[in-house]
Amino acid sequence: MLQLKPRIIGSICYCPYLTGSIMSEEPPVSPSWLGPDPTAWASGGPMDNSTSLGMFPAKDSPLPPSQLPLLVNPWDIVLCSSGTLIACENALVVLVIWQNPALRAPMFLLIGSLALADLLAGLGLVLHFTCAYLLRSDSAQLLTVGLVVASFSASVFSLLAITIDRYLSLYYALTYNSERTAAFTYTMLVLLWGLSLCLGLLPVTGVNCLAEEATCSVVRPLTKNNIAVLSVSFLLLFGLMLQLYVQICKIVMRHAHQIALQHHFLAATPYYVTTRKGVSTLAIILGTFAACWMPFTVYSLIADYTYPPLYTYATLVPATYNSVINPVIYAFRNQEIQKALWLVCCGCVPTSVAHRARTPSDV
């Protein structure tokens, strides 16, 4: 039997049968989120450097996955850590909304949907790390890939649904709290989760690049067509959210101006101050969303599987941070959820929280 001795290159243990080189008769193996070259994340290897959503060894590999050497990618550790933080943070939001019967308004249902989607995304990242490095099961990793895609899709769709709900609550202020609004909210929830589930099932049902490496995108095993559909959909959703937030700003400014005129206030009154805070809040919400997802979206459209995986990780990791920031922006800033959190944590509600009035900055 041919014995292959590993040699040390820098701080990386290099073994010929683990690389994508054709110098060895052993076929390449793809650990974790990497392409066939396991050291590509550090060296930027020459070919097939797509970031892999799983350890999918070559079909003719002489070794079963359980016997392959374990090489942990530090970027995967970062993603797993992010997933753990995401899961813990959003689990708290889901628990608070679930246990508090008062939080059943359409707005809280949508915030709960966002928290649930981010919770599942965090669990998906952790489960994928477990499947890639501990279970080392191809079928299990495909399921985790589908879970990650479906969860992040549901998260983005939930953000759009929250934007629509905020716009309707201002545009139809007098009739917003009605049965029609509740029915519309449930319809949005069913549609967004149904569409997200369909997107997540694509890699599991065979729409992947495992059979043909040339069709791989920067995120393996998603195909170039699959990632292009996801990226274009994100750009369309972002454009729609931008338009809705512009309309929300106009409505808030108009309402504040009318209130100021009725009370004979000048431009420096608290009404205008809080309105400016509201506009700033909207800018932070949209800017954070774009800063987290836009780099990965644009990169996945222009790059292919031959690009170094370092670039993919550098854009994918910030995208996951959006699920860390979402509870802070949409849940923990909400007065009712703050009260519920204080009750859960210490059994009391501070006076400053209990009597804080809602202002335009809370949009």
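**Exercise 1. The H2/H3 pair**

In which crossing, left-handed or right-handed, does H2 pass H3?

*Solution.* The model is predicted: local features need pLDDT of at least 70, side-chain atom pairs count only at pLDDT 80 or more, and totals for chains, interfaces and linings use all residues. Residues are numbered from 1 along each chain as its sequence is written, and side-chain values use heavy atoms, without hydrogens and water.

Step 1. Apply the rule: a crossing is left-handed if the near helix is turned anticlockwise from the far one by less than a right angle, and right-handed if clockwise. H2 passes H3 in a left-handed crossing.

Step 2. Take the composition of this contact. Its residues are 19 nonpolar, 5 polar and 2 charged. Ala, Val, Leu, Ile, Met, Phe, Trp, Tyr, Cys and Pro count as nonpolar, Asp, Glu, Lys and Arg as charged, and the others, Gly among them, as polar.

Step 3. Helix H2 spans residues 74-99 and helix H3 spans residues 106-135. They pack at an angle of about 150°, and their axes are 7 Å apart. Axes are lines fitted to C-alpha atoms, for helices over the stretch in contact; angles run from 0 to 180 degrees between N-to-C directions.

**Exercise 2. The chain as a whole**

List the elements of the chain and give its buried share.

*Solution.* Step 1. The chain holds 10 helices and 4 strands. Helices (H or I, at least four residues) and strands (E, at least two) are DSSP runs, numbered from the N terminus.

Step 1. Along the sequence the pattern reads β-β-α-β-α-α-α-α-β-α-α-α-α-α.

Step 2. Of the 363 residues, 49% are buried. Buried means under 20% relative accessible area, exposed over 50%, partly exposed in between (1.4 Å probe, protein chains only).

**Exercise 3. Cavities**

How many cavities of 30 Å³ or more are there?

*Solution.* Step 1. The count is 3. On a 1 Å grid over the protein atoms alone, a cavity is a set of points where a 1.4 Å probe fits but cannot get out; lining residues have an atom within 4 Å of a point. Grid points are joined across faces, edges and corners, and a volume is the space filled by probe spheres set on the points.

Step 1. The largest cavity has a volume of about 410 Å³. It is lined by 24 residues, and the closest to its centre are Phe152, Ser153, Leu230, Trp293 and Phe296. Helices H4 (138-171), H6 (224-262), H7 (270-302) and H8 (309-331) each give two or more residues to this lining. By class, the lining has 19 nonpolar, 5 polar and no charged residues.

Step 2. The second largest cavity holds about 40 Å³. Its lining includes Asn90, Ile111, Asp118 and Tyr330. H2, H3 and H8 each give two or more residues. The classes are 7 nonpolar, 2 polar and 1 charged.

**Exercise 4. Single residues**

Is Ser153 buried or exposed?

*Solution.* Step 1. Ser153 sits in helix H4. Ser153 counts as buried because its relative accessibility is 11%.

Step 1. Ser153 and Leu195 are 42 residues apart along the chain, and their C-alpha atoms are separated by 8.4 Å.

Step 2. Repeat for Met241 in helix H6. Its relative accessibility is 1%, so Met241 counts as buried. Its C-alpha atom is 9.3 Å from that of Ala161, 80 residues away along the chain.

**Exercise 5. A peptide bond**

Which residues does a cis peptide bond join?

*Solution.* Step 1. The bond joins Arg220 and Pro221, with omega about 10°. Most peptide bonds are trans.

Step 1. Pro221 lies in the loop between strand E4 (219-220) and H6.

Technical notes. 1 Å grid on protein atoms, 1.4 Å probe; cavity = no way out; pocket = protein on both sides within 12 Å on 5 of 7 lines; lining within 4 Å.
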